[in-house]
Amino acid sequence: RKKTFGKGSRLPRYRWKVGHWSKCSELCGGRQTRLVTCYDRVRGQIEQEQGRCGRVRPRPRDEQTCSSGNCSEGRWVQGEWSQCSTTCGKGMQRRKVSCAGRQGGELLHDARCQDNKPGVERRCSNNLSCGISLHHIHGQELEESNFAWMVGDWGLCSASCGGGHKQRMVVCQDRAGVEEDRCDQEDRPGGVESCNEEPCPAWNYGEWGKCDQPCNGGVSHRLVRCQDHLGQNLPDQQCNLNTKPGASKTCNKHACLILRRRRYLWKVGKWSQCTKLCGKGERSRPIQCVDLLSKTMSVVGDNLCSGRKKPKEKNYCNRQPCPFVWQAGDWSQCSHTCGHGMQTRRVTCHRVNTFNWIYPERTDVTGCSSIERPKEVQTCHNLPGCEAQFVWAVGTWSECSWAVCDKKGRQKRPLHCQDRE
């Protein structure tokens with residue numbers, strides 16, 4: 001018999017379930033969506049007839065605009081002009097112009113400032129005649145000449161990578177340093193030059209992984225890394241964080257089909273956070289057998305759900321190799337032969353390439369996780385008491401006996417019992 005809910009009921013049978021908003025589709029004036037479904041609290045399943053939830057309250061929005069308005073992240077910060085490069089005649093002045101964050105003031109790439117970059121050079125004059133002979137700029141002295149090309153220093157490159165250009169002042173002057181237009185144009189030096197032509201660091205990403213849920217909305221992951229043009233892994237901050245591709249997405253949004261004749265089903269909880277960010281971690285989720293016909297979907301014994309295979313409670317996650325790993329050396333000899341002693345070993349951080357090969361060269365420890373750093377000092381175990389008459393004397397290990405790569409070898413060391421005296 002169909003059960004109805006009147007005014008005396010605390011909660012309605014049907015209610016809307018909403019998911020999390022997706023990532024904004026555009027940096028400025030984009031849109032984001034979320035999953036909105038009608039849920040039957042009694043049967044514990046998605047209700048296809050959404051009008052039943054609509055009688056209780058209007059359907060929530062599943063789409064909205066995001067990040068509207070001015071999205072310029074940086075502003076140009078202009079330094080003071082330098083002194084004129086000459087004490088007489090025409091010269092040059094320079095200043096530093098940088099792109100900085102609007103709030104924190106941190107330095108940004110020039111592309112993060114939308115307005116045109118202010119000039120970094122300008123002409124200047126001290127209105128004094130130099131009264132000297134001019135020379136050709138390439139270093140070859142000319143015969144007495146009244147005019148010559150003069151050049152300033154190269155300015156900063158317009159881009160730090162990916163191909164930019166730099167400029168310098170090129171002017172024709174007479175002996176007094178007054179600007180003229182009577183120099184030979186065929187001998188005019190170049191005023192623009194290419195610079196920083198190596199490719200910029202860019203985002204590299206792999207294929208999407210398998211969806212972690214067959215229905216009702218799951219999550220799929222993929223590996224996203226910042227790399228240079230040689231394929232070396234770099235910190236994310238060296239790539240444009242605003243254009244970083246998503247590392248996860250929703251998948252299998254369709255509702256799960258539940259057979260109405262089944263009373264007991266497995267209730268699957270959400271996956272816990274992975275125990276590692278990379279290098280194969282583990283995650284778990286709660287799995288319970290519930291009674292769909294009870295008002296509160298009460299938990300029952302697992303044997304009542306035995307007709308269906310129990311979903312996995314644990315699985316591996318973040319299998320991709322870590323870009324940096326710790327390497328620990330062998331423990332040293334104990335500092336004491338009896339009583340209490342200490343052992344030490346060397347722990348270093350190394351880079352890992354995309355083939356999971358570990359580079360032998362050490363790198364800065366900030367690349368590795370400080371939480372996963374192996375111990376460098378430990379207490380010696382199983383040492384005899386210092387009052388014992390006899391102690392074990394151990395020698396050094398011999399060289400490894402292996403003869404073929406990828407095959408295990410053996411090491412030996414002398415070991416004998418001797419009188420403490």
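Predicted model: local features only at pLDDT ≥ 70, side-chain atom pairs only at ≥ 80, totals over all residues.
**Disulfides**

- A disulfide is a covalent bond between the sulfur atoms of two cysteines.
- Cys274 and Cys317 are joined with an S to S distance of 2.0 Å. Cys274 sits in the loop between strand E21 (264-268) and strand E22 (281-284), and Cys317 in strand E25 (residues 314-317), so the pair ties together parts that are 43 residues apart in sequence.
- Cys274 counts as buried at 19% relative accessibility. Cys317 is buried too, at 8%.
- Cys289 and Cys305 form another disulfide, with sulfur atoms 2.0 Å apart. The torsion about their S-S bond is about 85 degrees, so this disulfide is right-handed.
- Cys289 lies in strand E23 (residues 287-291) and Cys305 in the loop between strand E24 (299-300) and E25, so the bond ties together parts that are 16 residues apart in sequence.
- Cys289 is buried at 0% relative accessibility, and Cys305 is buried at 3%.
- Cys161 is joined to Cys200, S to S 2.0 Å. Their link is right-handed, with 105 degrees about the S-S bond.
- This pair links distant parts of the chain, 39 residues apart. Cys161 is in the loop between strand E11 (147-151) and E12, and Cys200 in the loop between E15 and strand E16 (202-205).
- Cys161 is buried, with a relative accessible area of 12%. Cys200 is partly exposed, at 31%.

- Side chains of opposite charge can pair when their charged atoms come close.
- Glu121 and Arg94 meet in a salt bridge, 3.0 Å from N to O. Glu121 lies in strand E10 (residues 121-125) and Arg94 in strand E7 (residues 90-94), so the pair ties together parts that are 27 residues apart in sequence.
- Glu121 counts as buried at 18% relative accessibility. Arg94 counts as partly exposed at 24%.
- Lys166 and Glu193 meet at 3.6 Å, N to O. Lys166 is in strand E12 (residues 164-167) and Glu193 in strand E15 (residues 192-195), so this bridge ties together parts that are 27 residues apart in sequence.
- Glu193 is partly exposed, with a relative accessible area of 38%.
- Arg373 and Glu376 form a salt bridge of 3.1 Å, N to O. Arg373 is partly exposed at 34%, and Glu376 is partly exposed at 31%.
- Salt bridges that share partners join Glu47, Glu49 and Arg52 into one network.

Terms used:
Residues numbered from 1 in each chain as written. Heavy atoms only, no water. Salt bridge = Lys/Arg side-chain N within 4 Å of Asp/Glu carboxyl O. Helix = DSSP H or I, 4+ residues; strand = E, 2+ residues; numbered from the N terminus. Buried < 20%, exposed > 50% of the residue type's maximum accessible area, 1.4 Å probe, protein only. Disulfide = S-S within 2.5 Å.
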